[in-house]
Amino acid sequence: MTVLKILYQDDDLVIVSKPEKMLTHRTEIANGDTEFALQILRDQIGRRVSPIYRLDRGTSGVLMFGLNSEIVSALSQQTHEIFHKRYYAVVRGWTLEDIEIRHALKPPVDPYLRVQKTEAQDALSYLHKVAEAEVPVSSGKFGTTRLSLVLLELATGRRHQLRRHLKHLSHPIIGDATYGKGPLNRALAEYFGGGRLFLHCGRISFIHPRTRQRITLDDQPSGLMQQLIERLGWNNYLHASYLKEWHLFDYSDLLIK
């Protein structure tokens with residue numbers, strides 16, 4: 001039975017490291033999945049838990065659960081100016097050093113919702129290139145593939161925002177079956193000895209609703225993503241990036257809907 005790594009726990013919160021390829025909780029898209037972070041953690045600590053936010057099945061990293069409705073409500077109301085999340089991704093191509101991505105996104109069609117929102121919503125993300133490399137895997141007309149390790153932060157929280165913004169930049173996340181390139185994903189999975197969505201939530205920072213103290217927690221990539229980073233010699237660059245200050249977004253022209 002899987003045991004989740006607990007990064008932080010008190011009477012109000014439990015924060016864990018979610019493995020890759022695990023759903024946050026049981027949903028209609030489970031497709032035969034038998035392990036879910038919520039149910040595993042509930043059984044592990046013997047208490048009812050509720051997720052503050054979700055991570056996609058393929059995304060690993062820091063995942064937060066509340067232990068009572070008061071805390072869940074308070075944390076859910078913290079804006080992105082207060083509640084920060086930092087992600088790491090491996091993407092196709094060599095990106096620019098720093099990019100603010102301002103690109104409105106239409107809500108994806110959700111077959112389980114009766115009423116669909118169709119208007120594009122403002123979306124703002126930040127990208128910082130941590131490291132780059134080139135591997136001997138064919139990509140289109142090229143005999144090699146360029147890869148970048150990037151740090152990502154959010155000013156808004158649209159569904160699949162980072163994955164869609166990186167597709168918009170023509171730097172899709174490696175292993176993204178929805179917004180990426182299938183043939184390249186398969187070729188790189190063979191080269192690296194396994195495939196996954198190479199997206200990891202590596203840091204969160206928030207104000208604890210009860211103590212009013214800021215808490216910041218880090219979680220280094222593990223599993224296949226860690227192996228890829230080590231193989232490409234990106235370890236030192238990754239560790240140095242954890243010292244980087246949070247990006248300061250300019251919200252003046254951003255209408256958050």
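**Close-up views of a predicted model**

**View 1. Helix α3 is mostly covered in this predicted model.** Of the 8 residues in α3 (residues 161–168), 6 are buried. They are Q161, L162, R163, R164, H165 and L166. Just after the helix comes S170, with a positive phi of about 65 degrees.

**View 2. D12 sits in the loop between β1 (5–9) and β2 (13–18).** D12 has a relative accessibility of 6%, so D12 counts as buried. Its side chain makes a polar contact with the side chain of N68, at 3.0 Å. Beyond its neighbours within four places in sequence, D12 touches several residues, among them F65, I71, H208 and R210.

**View 3. Y53, F83 and F206 are linked by ring pairs into a cluster.** The whole structure holds 4 aromatic pairs. In one, the ring centres of Y53 and F83 are 6.1 Å apart and the planes stand at 85 degrees, so this pair is edge-to-face. Y53 lies in the loop between β3 (50–51) and β4 (60–66), and F83 in the loop between α2 (69–76) and β5, so the pair ties together parts 30 residues apart in sequence. F83 also pairs with F206. That pair is stacked, with 5.7 Å between centres and 25 degrees between planes. F206 belongs to strand β9, 123 residues from F83. Both F83 and F206 are buried, and Y53 is buried too.

**View 4. Two charged side chains lie over ring faces.** K85 lies over the face of Y53, 4.0 Å from the ring centre. R196 lies over the face of F198, at 5.9 Å from the ring centre.

How values were computed: Residues are numbered from 1 along each chain as its sequence is written. This is a predicted model: local features need pLDDT of at least 70, side-chain atom pairs count only at pLDDT 80 or more; totals for chains, interfaces and linings use all residues. Side-chain values use heavy atoms; hydrogens and water are left out. Buried means under 20% relative accessible area, exposed over 50%, partly exposed in between (1.4 Å probe, protein chains only). Helices (H or I, at least four residues) and strands (E, at least two) are DSSP runs, numbered from the N terminus. A polar contact is a pair of N or O atoms within 3.5 Å; within protein, one must be able to donate a hydrogen and the other to accept it, and residues adjacent in sequence count only if both atoms are side-chain atoms. Contact means heavy atoms within 4.5 Å. Rings of Phe, Tyr and Trp (its six-membered ring) pair if their centres lie within 6.5 Å; planes under 30 degrees apart count as stacked, over 60 as edge-to-face and the rest as tilted. A charge sits over a ring if NZ of Lys or CZ of Arg is within 6 Å of the ring centre and within 35 degrees of the ring normal.
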